[in-house]
Amino acid sequence: DILLFCRMGQYIYGHDNFSLKLVIKAAWANDTTILLYQNRKDIKEFLKENCSDEVRRKKIRKSLKKLMTSDEAGYKTYGNSFRAFKVLRRDLGYKQKSIATDTEMKLRYISAILIAATCAGAAFGARKSNARATKITPEELLQQAQTEFTGYNFEGALEKLEEYEAAQQKAKKPLSDEYHSLLNRVQTGTSMLDRVEDVEIIDSLTVDADKFFRYYRLSEPSGRITDSSSLPSDANPWPGSTAYVTENGETAIWSSPDKNGHAQLVQSTMLVDGSWETPTPLGSSLNMGGNAIFPYLMSDGVTLYYASDGDGSLGGYDIFITRNDGEKYLQPQNVGMPYNSPANDYLLAIDELTGAGWWATDRNAPEGKVTIYVYVPRDVRKNYSVDCEDLVSLARVNSIAATREKGRDYSEIVRRIN
């Protein structure tokens, strides 16, 4: 049927550059056709009433936006498709809008294929022309994918990775480790972007990366973030990392090299005579194949935040959370966006006395500097809607003001911090 409708598309529009693969990938175009049938009025409300899948709604809206904001040739293709839809509707004799008859369902299917084939064919033809004009190497495709990824355009990054994969298969060459690593991170970013937490950021400061933790203003009950000077003489701390010491100074958590040369989190308790017990590793599962650094233990003595560059990390270092069940620390979870980014993010700390949270990142910061964000933690996580127009901007923290609740006075939190 798809091949037949491709031939129909060639006849109606005079196009020859139809890509069967792209038409098949655009199978969800039936939903787009429904929106075209509604003349694109009240798209958000229509989607809410007729499509319960939030991810599907987001995909449809993105695709419509692309179609309606494409270049002149693409817009003409879109217009022609819509006119063809109206002609098909008339020719099939459908008149009643209130009843979804078999004829109407056939109409939606046929027009959906024509729309998908036409739009995909136009894009396919453009890519072929560009490829003839400038030959892009697989290495350049990987670099372009990395650029798209860094800019939070995960769909664009995935397209470049697919082009790279096709080029390698054509050349009968294996896919590189860089490809597999980037693909995992793109998939992680795509998943994270659907669950961006609504975080109110009340302040930020950019400081030297060296000793940045000194700018964290924590109350005494929250413990201390320090360097190796507060650790036992045989602590063997990981270079550049920090240590967490409880309020009473009797328990410390820090990073130390393991037998494989990775940074692992260890803990030690002060004995009655003032000496420290032999450091105990908190578990290799916290490393996730990489390094585990910058620990912070909540006052409940159970919840631990730290940073890792292992599996599950979006960028270099990401912030993770784990909890102790009384015997061991459980499988860690990535805290997601906006805390984490394609850059390095670490040392999340929450002061329950002042009601302020802190985390550091080298995104949006000059080389050798880090930005510390001060925010208001929530008891229960609240995420932005996937339909939020400024979702990427909020995930990147492009504007602190955009994260704040309108009319809310943060002066009391600031006073407690100071």
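Tyr306 sits opposite Phe320 of strand β9, in a model that is predicted rather than experimental. Local features need pLDDT of at least 70 and side-chain atom pairs pLDDT 80 or more, while totals for chains, interfaces and linings use all residues. Residues are numbered from 1 along each chain as its sequence is written, and side-chain values use heavy atoms, with hydrogens and water left out.

Strands β8 and β9 belong to an open, antiparallel sheet of four strands, in the order β7-β8-β9-β10. At its edges stand β7 (292-297) and β10 (333-334), each with a single partner strand, so one side of each has no neighbour in the sheet.

Strand β13 (residues 369-376) is mostly covered, with seven of its eight residues buried (buried means under 20% relative accessible area, with a 1.4 Å probe and protein chains only). Strand β1 (residues 200-208) runs antiparallel to β13 and is joined to it by eight bridges; here Ile201 has Tyr375 as its bridge partner. Strand β12 (residues 356-361) is also antiparallel to β13, through five bridges, and Ala360 is partnered by Ile372.

Next come the aromatics. Rings of Phe, Tyr and Trp (its six-membered ring) pair if their centres lie within 6.5 Å, and planes under 30 degrees apart count as stacked, over 60 as edge-to-face and the rest as tilted. By this rule there are 15 aromatic pairs. Phe212 and Phe294 have ring centres 5.8 Å apart and planes at 65°, so the pair is edge-to-face. This pair links distant parts of the chain, 82 residues apart: Phe212 lies in the loop between β1 and β2 (224-226), and Phe294 in strand β7. Phe212 counts as buried at 4% relative accessibility, and Phe294 is buried too, at 7%. Another edge-to-face pair is Tyr339 with Trp359, at 5.0 Å centre to centre and 70° between the planes. Tyr339, in the loop between β10 and β11, and Trp359, in strand β12, are 20 residues apart. Tyr339 is buried, with a relative accessible area of 5%, and Trp359 is buried at 0%. Finally, one aromatic cluster is formed by Phe212, Phe213, Tyr216, Phe294, Tyr346 and Trp358.

Methods
Buried means under 20% relative accessible area, exposed over 50%, partly exposed in between (1.4 Å probe, protein chains only). Helices (H or I, at least four residues) and strands (E, at least two) are DSSP runs, numbered from the N terminus. Two strands pair if DSSP finds at least two bridges between them.
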